[in-house]
Amino acid sequence: GVGAFLQKRVAAQVDLYMGGRLKLNLAKVSVPGASESGTDLLLAGAVGGEYFLVPKFSLGLEAELGLYQNSEIRGDDSGFFTTGLAFLRVYLK
């Protein structure tokens, strides 16, 4: 998968970001006498923010809205999804 995000510092300790993600899952299932393969696709937009407690450590929140399309191996379904998450991030550089 890949993602691209724009980041903006809005205060001394706060960054906001927005962007998107694309994920391809190349799936293959093999059983004696049969083999199936397919590609699952996920495309999502995300927006979030981070509060830096110290320069290399932050707390953050993110919201994501996306679309998925699963191959016949995973049930051949598609639809929209939402995800929210809270995170702790450590920057090593």
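Here is a short tour of the structure above, stop by stop.

**Before you click**

You're looking at a predicted model, where local features need pLDDT of at least 70 and side-chain atom pairs count only at pLDDT 80 or more, while totals for chains, interfaces and linings use all residues. Residues are numbered from 1 along each chain as its sequence is written, and side-chain values use heavy atoms, with hydrogens and water left out.

**Stop 1: the sheet**

Switch to cartoon view and pick out the strands (DSSP runs of E, at least two residues, numbered from the N terminus). There are 5 strands in an open sheet, ordered β1-β2-β3-β4-β5, with antiparallel pairing; two strands count as paired if DSSP finds at least two bridges between them. Now colour β1 (2–11) and β5 (78–90): each has a single partner strand and stands at an edge, so one side of each has no neighbour in the sheet. From one strand to the next, the twist averages 20°, with axes taken as lines fitted to C-alpha atoms and angles running from 0 to 180 degrees between N-to-C directions.

Next, select β1 together with β2 (residues 14–31). These two run antiparallel and are paired over 9 bridges.

**Stop 2: salt bridges**

Time for side chains. Across the whole structure, a search turns up 4 salt bridges, each being a side-chain nitrogen of Lys or Arg within 4 Å of a carboxyl oxygen of Asp or Glu. Select D15 and R9: their side chains meet in one of these, at 2.6 Å from N to O. D15 is buried, with a relative accessible area of 3%. (Buried means under 20% relative accessible area, exposed over 50%, and partly exposed in between, using a 1.4 Å probe and protein chains only.)

Then move to R21 and select E62 with it. Their side chains form a salt bridge at 2.8 Å, N to O. This pair links distant parts of the chain, with E62 in β4 (residues 57–69) and R21 in β2, 41 residues apart. Which of the two is buried? E62 is, at a relative accessible area of 10%, whereas R21 is partly exposed at 28%.

Through shared partners, the salt bridges join R21, E62 and E64 into one network.

**Stop 3: E50 and its contacts**

Go to β3 and select E50. This residue is buried, with a relative accessible area of 4%. Which side chains make polar contacts with E50? R89 does, at 3.3 Å, and so does Y91, at 2.8 Å. (A polar contact is a pair of N or O atoms within 3.5 Å; within protein, one must be able to donate a hydrogen and the other to accept it, and residues adjacent in sequence count only if both atoms are side-chain atoms.)

**Stop 4**

The elements giving two or more residues to the patch are β2 and β3 (34–54). End on L43, in β3, which is partly exposed at a relative accessible area of 48%.

Methods
Helices (H or I, at least four residues) and strands (E, at least two) are DSSP runs, numbered from the N terminus.
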